[in-house]
Amino acid sequence: MNRFDFIRPANIAEAVTAAAVPGSVYLAAGTNLLDLMKIGVTRPERVIDISRLPGLDRIEWLSDGSVRIGALMRNADLAYDTRFAATYPAIAEALLSGASAQLRNAATVGGNLLQRTRCAYFQDTASACNRREPGSGCDALHGENRLHAVLGWSEQCIATHPSDFCVPLAALGAVIEIEGVGGRRDIPIESLHSLPDASRALESTLAPGDFITGLRLPPEAASFAGNARYVKLRERTSYAFAVVSAAAMLDMDGDTIRASRLAIGAVAAKPWRAHEAEAVLVGQKAGREIFEKAATAALADARPSGDNAFKITLAHRILVRALMLAYEGTPKVMPALPASPFPEQHLSAPKADLHVA
Ligand SMILES: Cc1cc2nc3c(=O)[nH]c(=O)nc-3n(C[C@H](O)[C@H](O)[C@H](O)COP(=O)(O)OP(=O)(O)OC[C@H]3O[C@@H](n4cnc5c(N)ncnc54)[C@H](O)[C@@H]3O)c2cc1C
Ligand code: SF4
């Protein structure tokens, strides 16, 4: 049994002060943290329970057209909020494609952002892993690595970030609100997760004590509601992490793409925003040909990190598929979901080509 202190702060300031002490970790719903503590991957000296802090479990619609989501909001509550799901359907679709109903009912928004990698060597304390033990090596490099990264990896670490939720958030340019020892600051989600460099395998850019209080979606994120999809390819249809996923969103002017937002999941240590691909699409007539070009641009720098070249082909196909589906328009009912956030507006029969993997 690993002994640790358990601290329940009364407010955010107390939480930050407590967590700034080395060896501390925040506890939200614990669906990731407690699993890792049980298998000895994480051995904190102090667990700071933030789950009962008031005021962080809600959506606020702001007057400038943006929306703020509190860090302690449950994944399911967010996905089933009718206004939220109608405004950001790809986010609702991503949330509902993750984990199981029970987990989504418990898991928080902040915890989802900071969940740890699912690399099997990270979870096996007998293996060398630079993330778990900096400088120890990376057993995945010459091991079972078919699900590992194809973008942004280094020999330090080839793990992927497993979140579904983070993929449309990256596409839509979410802003993360942080309370730290030095006060409050905002960072774009693209700066939250780290890519491994030649010497280190850091997971996030957060400093000790940094507390995610919530996130905001900028006003323009709402303009993609009519043509937005999240497509997740996994090894079974529920309760599985993505092999590859993609969020695709289009702002259409007739058949012409006014703006687009694209991100790929499970291909890198962070949700991968595909800026180059977005640039390819702007001002073009929508259709398979230009979507193929965009997918090629998105994956131009992809390279296998092991036995996973297939993921590059797969990511290309998933991106094209997500773009085709987004172009068709956001459906009133999403066929792949176990429960749709749009229950009143059932299509009589889902179109065959709307079926998601
Ligand atoms: C069997 C299983 C299947 C799953 N499948 C999927 C899936 O398909 N897709 C998917 O996206 N996810 C999946 N998940 C992951 C799940 O979504 C995460 O475990 C969950 O979102 C974490 O939220 P939590 O509140 O439980 O976080 P916790 O476990 O409490 O915390 C996770 C990490 O975040 C830190 N943390 C939490 N909140 C904050 C905060 N506000 N500020 C700073 N740090 C914080 C904690 O210190 C910890 O390091 C699965 C999990 C399980 C167990
Ligand atoms: S890929 Fe990353 S998480 Fe997996 S063993 Fe290597 S260093 Fe650890």
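Which strand is Asp251 found in? Select Asp251 and you land in strand β10, residues 242-253; strands here are DSSP runs of E with at least two residues, helices are runs of H or I with at least four, and both are numbered from the N terminus.

Before going further, a note on the model: it is predicted, so to speak of a local feature takes a pLDDT of at least 70 and side-chain atom pairs count only at pLDDT 80 or more, while totals for chains, interfaces and linings use all residues. Residues are numbered from 1 along each chain as its sequence is written, chains are lettered from A and ligands numbered from 1 in the order in which they are written, and side-chain values use heavy atoms, with hydrogens and water left out.

**Stop 1: Asp251**

Stay on Asp251 for a moment. At 15% relative accessibility, Asp251 counts as buried; buried means under 20% relative accessible area, exposed means over 50%, and partly exposed is in between, with a 1.4 Å probe and protein chains only. Asp251 and Leu147 are 104 residues apart in sequence, and their C-alpha atoms are 32 Å apart in space.

**Stop 2: ligand 1**

Next, select ligand 1 and show what is around it. There are 34 residues around ligand 1, and Tyr26, Gly30, Thr31, Thr108 and Asp164 come nearest; a residue is near a molecule if one of its heavy atoms lies within 4 Å of it. By class, this shell has 18 nonpolar, 11 polar and five charged residues. Nonpolar covers Ala, Val, Leu, Ile, Met, Phe, Trp, Tyr, Cys and Pro, charged covers Asp, Glu, Lys and Arg, and the others, Gly among them, are polar.

Colour the elements too: β2 (24-27), α2 (33-38), α7 (109-113) and β8 (211-217) each supply at least two residues of the shell around ligand 1.

Which polar backbone atom can you find 3.0 Å from an oxygen atom of ligand 1? That one belongs to Ala29. Two side chains are worth a click as well. An N or O atom in the side chain of Lys232 is 3.0 Å from an oxygen atom of ligand 1, and an N or O atom in the side chain of Gln115 is 3.3 Å from a nitrogen atom of the ligand. Taken alone, ligand 1 exposes 970 Å², and the protein buries 93% of that; the areas come from the Shrake-Rupley method with a 1.4 Å probe, and for residues only the protein chains shown count as cover.

**Stop 3: Gln115**

Keep Gln115 selected. Gln115 is found in the loop between α7 and α8 (166-171). Is Gln115 buried or exposed? With a relative accessible area of 11%, Gln115 is buried. Show Asn112 beside it: a polar contact of 3.2 Å joins the side chains of Gln115 and Asn112. A polar contact is a pair of N or O atoms within 3.5 Å; within protein, one must be able to donate a hydrogen and the other to accept it, and residues adjacent in sequence count only if both atoms are side-chain atoms.

**Stop 4: ligand 2 and Cys157**

Now jump to ligand 2. It has 15 residues around it, and Cys119, Cys129, Cys138, Cys157 and Ile158 come nearest. The shell around ligand 2 divides into 10 nonpolar residues, four polar and one charged.

Pick Cys157 out of that group. Cys157 sits in the loop between α7 and α8 and is buried, at a relative accessible area of 7%.

Select His193, in the loop between β7 (183-188) and β8. His193 is buried, with a relative accessible area of 4%. What lies 2.8 Å from a polar atom of the side chain of His193? Look for the backbone oxygen of Leu113. Then show His161, whose side chain is joined to that of His193 by a polar contact of 3.3 Å.

**Stop 5**

Most residues other than glycine have a negative phi. Ala99 has a positive phi, near 50°. Ala99 is found in the loop between α5 (89-96) and α6 (101-106), and is partly exposed at 33% relative accessible area.

Ala266 also has a positive phi, of about 65°, although it is not a glycine. Select Ala266 in the loop between β11 (256-265) and β12 (272-273); Ala266 is buried, with a relative accessible area of 8%.

Finish with Lys270, in the loop between β11 and β12. Lys270 counts as buried at 14% relative accessibility, and its C-alpha atom is separated by 13 Å from that of Ala246, 24 residues apart along the chain.
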